[in-house]
Amino acid sequence: MIKLDRVKKQYDKFCLECSLEVPAGQITGLIGRNGAGKSTAFKSILGLISVDDGTVQVFGKDVNSLTPMDRAQIGVVLADSGFSGYLCIKDLSSMLNAMYTDFSKQKFLEDCKRMELPLNKKIKEFSTGMKRKLQILAALSHNAKLLVLDEPTSGLDVIARDELLNLLREYMENGERSIIISSHISSDLEGLCDDIYMIEKGKMILHEDTDVLLTEYGLIKATDEQFEKLEKSHLLKSKKERFGYSCLTNQKQFYQDNYPSLVIERGSIDEVITMMIQQ
């Protein structure tokens, strides 16, 4: 569905240099702190910015060669975009109906009611969470093959997040669609994504299947003495702490088998991010 091959985009104080691939039938997560390059990568996927080097392909085509029909197969939620505040949902549904041949007006309005969005209220009067719900429902409304979602659950409460994540799971049920999603809420990605890329300062520093990350990665807590005796070839990162060292490994079982006295915690996405981006 998506392939970025050695893409480079240079700004005054920032440079994106990355490769990334999202196969059909898969949900891929992109994680990283603010300013790491997530939104720049998404904008390159959508052809909203030109790249200086490398190739960006969507549906097997150069992104700049996509036809209007191709682009209609992409549903988009960007963190810094939205709809005119002077529209109401009924106005928006008429616009979407005119834009997309596969738009289902009845389902869109039913989903809006299910998510407790008022159909006749102006969007400018919506809360942040309500606006985000509307963006996601609009992206899902026209039978797109690909969703590009930048922080789609930002501003939502726990119940609304669960409802929307269930909508995304339903969207994926036919096995031929794909999603690329970024989120600061790691639990969203852990329960949704097939694989995860981590970006830092414009570069991909990690790519791993989510199941592997959650089962084979671990956080070792070692005293100074234990750390000195530790086999370090399987350590990705180490950090000096007051008690000794925290160490990130992608070979948790190796250390459990060979160092039974070590404290080894499950490696959550948040812990992996924290360890991987430390200086």
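Here is a short chat about salt bridges in this predicted model.

Modeller: Quick ground rules: this is a predicted model, where local features need pLDDT of at least 70, side-chain atom pairs count only at pLDDT 80 or more, and totals for chains, interfaces and linings use all residues. Residues are numbered from 1 along each chain as its sequence is written, and side-chain values use heavy atoms, with hydrogens and water left out.

Biologist: How many salt bridges does a search of the whole structure find?

Modeller: A salt bridge here means a side-chain nitrogen of Lys or Arg within 4 Å of a carboxyl oxygen of Asp or Glu. Searching the whole structure on that basis, the count is ten.

Biologist: Is Asp111 buried or exposed?

Modeller: Buried means under 20% relative accessible area, exposed over 50%, and partly exposed in between (1.4 Å probe, protein chains only). Arg114, at 47%, is partly exposed. Asp111 has 11% relative accessibility, so Asp111 counts as buried.

Biologist: How many residues apart in sequence are the parts tied together by Asp188 and Arg161?

Modeller: Asp188 forms a salt bridge with Arg161, with the closest N and O atoms 3.3 Å apart. Asp188 lies in helix H7 (residues 186-190) and Arg161 in helix H6 (residues 158-171), so the parts tied together are apart in sequence by 27 residues.

Conventions. Helix = DSSP H or I, 4+ residues; strand = E, 2+ residues; numbered from the N terminus.
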